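Hello,

Here is the structure I promised to pass on. Please open it first, then read the notes below it.

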Amino acid sequence: MTSSNPVTESFSLEKQSLDLRFRSAALASREHLTDSYVRVRLTGDELEGFGSTGHDDHIRIFLPEQPPASVEEMREAPSREFTPLEWGTDPEGVHYLDLEFALHGDEGVASAWAQHAPIGSVIGIGGPRGSRIISGSPDGWLLAGDETAVAQIRRYAALIPEGAPAVILVEVRNAGHQMAIDAPVPVEYINRGSAFPGTALADAIANLDADDKPGADPFVFVAAEKSIVKPARALAERWGVDTDRAIIKGYWKSKDTEYHAAD
């Protein structure tokens, strides 16, 4: 989809294949940012060299009940896809990886693990198996999502230059579930209350018009419950945004705990 009045493209999305590697780590700490959102730190020697070169990278976490005896056994454990948030080596020389989890009780295996797994619990990590890199400089930014997209929004927000036009929309249950996100522009929180997840965000996206478009050639990222895809694509059409240079995903699907978005 392109505009009838095309502008010069200021950026592109480039895919890069990576060697798929599996690692073991352990749960070192958890921090509740709200009562339904938690950040965990994983540590372990096998995290040495971990990297995520792109800005839409995902890893697959494996959650075995007992330490697996092999990679093959680890890969048989329940698994989910997540955004790697931060990683590196701390001053004591410990290799770490930080992840964030939107909690929804014990319905999902990842949510239950994030809430209840004892410190020291083993976790497997696969990937990332590929990267999607922003090459060039978008002249504007739209970042929108629900709680499941906050980690990804954090990573993209860190790329926004000071002074660049940007719109950041985050849907949460209510004001008590809002969390700080570092960004050069104010984050607009949309409280859904008792509404079905994603509907309040979809309404906000539907209300964006041409005057709200940040820049002539913006990068667009939208991710939430799968039903967000249709209104997000409609927005891209209104704005004349090429969806091949946008990332629009359903990160999860109602009543389907096994669902994960296609790459």
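Strand 6 (residues 86-89) pairs with strand 7 in the antiparallel sense, over four bridges. Strands here are DSSP runs of E with at least two residues, helices are runs of H or I with at least four, and both are numbered from the N terminus. Two strands pair if DSSP finds at least two bridges between them. Glu86 has Asp98 in strand 7 as its bridge partner. The two strands form a hairpin with five residues between them. Gly93, in the turn, has a positive phi of about 85 degrees.

A word on the source. This is a predicted model, where local features need pLDDT of at least 70, side-chain atom pairs count only at pLDDT 80 or more, and totals for chains, interfaces and linings use all residues. Residues are numbered from 1 along each chain as its sequence is written, and side-chain values use heavy atoms, with hydrogens and water left out.

Back to strand 7. Strand 3 also pairs with strand 7, antiparallel, over seven bridges. Thr43 stands opposite Tyr96 there. How many of the eight residues of strand 7 are buried? Eight of the eight are, so strand 7 is largely enclosed by the rest of the structure. Buried means under 20% relative accessible area, exposed means over 50%, and partly exposed lies in between (1.4 Å probe, protein chains only). Both faces of strand 7 are covered. On one side, His95, Leu97, Leu99 and Phe101 are buried. On the other, Tyr96, Asp98, Glu100 and Ala102 are buried.

Next, the salt bridges. A salt bridge is a side-chain nitrogen of Lys or Arg within 4 Å of a carboxyl oxygen of Asp or Glu. The whole structure has ten of them.

- Glu100 and Arg39: their side chains meet at 2.6 Å, N to O. The pair links distant parts of the chain, with Glu100 in strand 7 (residues 95-102) and Arg39 in strand 3, 61 residues apart. Glu100 is buried at 5% relative accessible area. Arg39 is partly exposed at 22%.
- Arg60 and Glu81: the closest N and O atoms are 3.7 Å apart. This pair also links distant parts of the chain: Arg60 is in strand 4, Glu81 in strand 5 (residues 79-82), 21 residues apart. Arg60 counts as partly exposed at 21% relative accessibility. Glu81 counts as partly exposed at 25%.
- Asp217 and Arg245: the closest N and O atoms are 2.6 Å apart. Asp217 lies in the loop between helix 4 and strand 13, and Arg245 in the loop between helix 5 (229-239) and strand 14, so the pair ties together parts that are 28 residues apart in sequence. Asp217 is buried at 6% relative accessibility. Arg245 is buried at 10%. Salt bridges that share partners join Glu9, Asp217 and Arg245 into one network.

Now look at Asp57. It sits in the loop between strand 3 (37-43) and strand 4 (59-62). Asp57 is buried yet has no salt bridge. Which side chain of opposite charge is nearest to Asp57? It is Arg155, 4.9 Å away. For charge, Lys and Arg count as positive and Asp and Glu as negative; His and the chain ends are not counted. The Asp57 side chain does make polar contacts with the side chains of Ser52 (2.7 Å) and Ser131 (3.1 Å). A polar contact is a pair of N or O atoms within 3.5 Å; within protein, one must be able to donate a hydrogen and the other to accept it, and residues adjacent in sequence count only if both atoms are side-chain atoms. Leaving out residues up to four places away in sequence, Asp57 touches several others, including Phe82, Pro128 and Gln152. Contact means heavy atoms within 4.5 Å.

Five strands form an open sheet in the order 12-11-10-13-14, with parallel pairing. Strand 12 (188-191) and strand 14 (247-252) stand at the edges with a single partner strand each, so one side of each has no neighbour in the sheet. Strand 10 (residues 141-145) and strand 13 (residues 219-225) run parallel, joined by five bridges. Gly145 stands opposite Ala223 in strand 13. Helix 3 (residues 150-157) packs on the sheet and touches strands 10, 11, 13 and 14. Helix 4 (residues 199-206) lies across strands 10, 11, 12 and 13.

Best wishes

Notes
Axes are lines fitted to C-alpha atoms, for helices over the stretch in contact, and angles run from 0 to 180 degrees between N-to-C directions.
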